[in-house]
Amino acid sequence: MSFTTFLFFGFFTLILLGWYLLPGRGRRFWLLAANYVFYMWSMPALGLLLLATTAVSYGAARWIGSPEPLRVGQRRAILTAACLIHFGLLFACKYLQMTLDLLGRIVPGAAGIHVQLLLPAGISFFTFAATGYLFDVWRGRIQAEKNFLDYAVFVSFFPCILAGPIGQARSFLPQIKTRVRFDAAALKGGLLRFAWGMVQKLVLADNLGTLVNAAYGGQIVTPLTWIAVILLYSLQIYFDFAGYSNMAIGVAQAMGLRVPENFNAPYFSTSVTSFWKKWHMSLTGWFREYLYFPLGGSRKGKVRTCLNILTVFAVSGLWHGAAVHYVVWGLLNGLFQVWERLTASARNRLESRLQGPALRWPYLALRWALTYCLISLTWLCFRAENLGQLRFILGQILGLFRSGFGGLDLRSLGLKPGMDTMLLICGGAAVLTDALRARGRSPQRLASTVLPYYLVMIALLVTAAVYGVYGEGFNPQDFVYFKY
Amino acid sequence: MKIKKRRLLYELPVLVMALAGLAVLLFRLGCWLMPERTTYGAVWTSYLQEEENSVDVLFLGSSRVYCDVIPALIYEKTGVTSFVNAGPSQTASLTYYYLRQSLRTQHPKYVFVEASGLYFGVNEGHSKTNVCYMPASVNRLLAAAACEDGILELAIYPLQEFHYRIYEKANEEVPAWDGTMLCGYTPLDEAKAQTERTLRLPDVRPGNENYLHNLDYFRRIAALCRSEGIVCVFFVSPTMADYTDAQIERLLADLRALPGAAAEDWTDLIEEIGIDNAADWFDSLHLNRKGAEKFTVFLSDYLAELGLKPTSGADAALWLSRVNYLYELYEN
């Protein structure tokens, strides 16, 4: 079930009513049922996978955290076994075919084996949420949850199950155990955030997506247009994923629940390192806590730190997809951060000499532009279907040295007259919203007003309804992160 | 940021108004973004511009009606005012709800219903057009509910289908024809010669699966006309030659059995009407302008035979301008 359908609006209204009207235990049963209905809507069999993941992590955590003291080795063995089951399932669904393909290149007999396994939506997200909980119990940061119902609600929480934000049991479980009282401001704030997410997704991301898809779909374009498309894809993926996250967080907020933030104005960053502190924060937080720190983090010398960064980002690339271009994307991001780390002292010296706004602002602008271009370059590796297409696009762009930039022709990609103005206006609103967020001023304050709130809500919904990409005969784009 | 309960009570009416306003706004926007429709059926904008209770005869049905019946010509021949409120591939249920909605502004003396809809399926591919152009009303919703899945959603929220036109609206061309002058008629100029064989080639579509369902709606049409004191005439158009004799016989027998309704078979009158198979057809299902003129003359004579008298209050100047418009159109 997708957030941007009438079906979901009806579903959510029903869930909200039950959530606020039912008593404690019934309320949690209601939410669990809603979670499973939401997840199983397109394919009921997937519920079994979700249930299995929940049962394994619940059982393992209870065992690890049992009152009878276990030896460290025993606890570690239980944790390892549970992780093997979780990641084994993830591997079978997501990486088996890639492994067989790679094997086929080495062992001739293994070539051409095809295993048609379904990739269940959201498997990477709920697997990470469940294993994160296991690690927390193992480290003693959280008590093993005794109530299966509450734990199952956490793993399957419907706003986050398909594309995050990846929840943390230690912050989520206490919330559902306490009575959530109806809070009109929270409800209004959540709905406002949801509506803004819809504009980001349907209007900004999907309209940009039609242009980007036309170029990546084989439309012949000039080098300058390719550069524009690559820069626009950076915006598309941001609005797509931030839009989804805002909708998910908004839905949770309307229910009086808090889930982790996923973005914090990432494109205002002036370095790749800073960008990754603000982009997909729930995933980077997971990797930092459960991979980077256990590897030694930055405590074991410069070389080891750089290797750890590269390892984390290579794994992050693999997490996104079972293909080499995702690993290249991850490694590029890692390399840029390693470079920034190695040149940090030189950069600091330079910055100390740049006193006064006349020098400092152009320097920051330059750094911002450079960061945006580098990030866009990595997104090119991410968006390309495979390494072949990546090489082809780079070849097209490098063609500018032979035949020049050529004209900028977004019309041939489907940019309609008037669409550019609309994208600029909505994009401007997005920049303003991010600027407010970066300064710690939340647009959520609107929720405590009456007339301004309803006017803004109507404006957002009408904008999404008129300018959004949806409905029969169009090419509504799935959320980019649904496939991860 | 907590909102006090008392303020919440004040806010409830604002919420209700905002929701209602949003619903109306989205619906109106959807209607505004729909392409203007002056021909090819479902011409409700033109229909609603007719002065109330000024139409003597109402024609309903599929494209076989809006391509073949010329109201301005009927007026010129008889002084009788008429309107073709048909729709593309209009199914029996849609015809019924079109009639119900039509009667809200007009009270004709005769309603002619083209009968090919009796053999239509629930979905003939044009439900969206037929429903979305209906005015906002209960009939619109009921018509949509009687169609295939998804149409009801579209009837409530037409923006879903038409929102992309926001970029085209500014540069939209004015329709070539004035719908208020044509009164539902769609002139087709091209001629495609037909032979007895191509005309008699049975259409693959007609089937019996929905026949009883459609017959029920035709029964409702007849009953509605009877209750309103309107004479209801079902007719088998000369262009229905693609139906088999058995199909037409069954259809006529069933329609004639409906209380208070007449059923006319004009399939065999192609020669009598004077339709030239070499020059008067647009395709094997529709007459072109010349063919439509001949059929309309025949219809006018039929209406005269019925003894139908023109409405005394009809706007003669308007109707004469419609006749002139038609001839100017032909000349151009």
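**Domain and chain contacts**

Chain A is divided into two parts, with domain 1 spanning residues 6–182 and domain 2 spanning residues 186–483. The model described here is a predicted one, and within it the C-alpha centres of domain 1 of chain A and domain 2 of chain A lie 27 Å apart.

The two domains of chain A touch each other through 23 residues of domain 1, which are in contact with 24 residues of domain 2. On the side of domain 1 of chain A that touches domain 2 of chain A, the elements that give two or more residues are helix 1 (6–21), helix 5 (96–106), helix 6 (123–139) and helix 8 (158–161) of chain A. Of these, helix 6 of chain A gives the most to that side, with four residues. When the residues on this side of domain 1 of chain A are sorted by class, 15 are nonpolar, seven are polar and one is charged.

Contacts are also found between the chains, where 21 residues of chain B are in contact with 21 residues of chain A. The elements of chain B that give two or more residues to the side touching chain A are helix 1 (5–33) and helix 9 (159–162), and helix 1 of chain B gives the most to this side, with nine residues. By class, the side of chain B that touches chain A is made up of 14 nonpolar, three polar and four charged residues.

Definitions and conventions. Residues numbered from 1 in each chain as written. Chains lettered and ligands numbered in written order. Predicted model: local features only at pLDDT ≥ 70, side-chain atom pairs only at ≥ 80, totals over all residues. Domains from an automatic or database assignment. Contact = placed C-beta atoms within 7 Å. Nonpolar A, V, L, I, M, F, W, Y, C, P; charged D, E, K, R; others polar.
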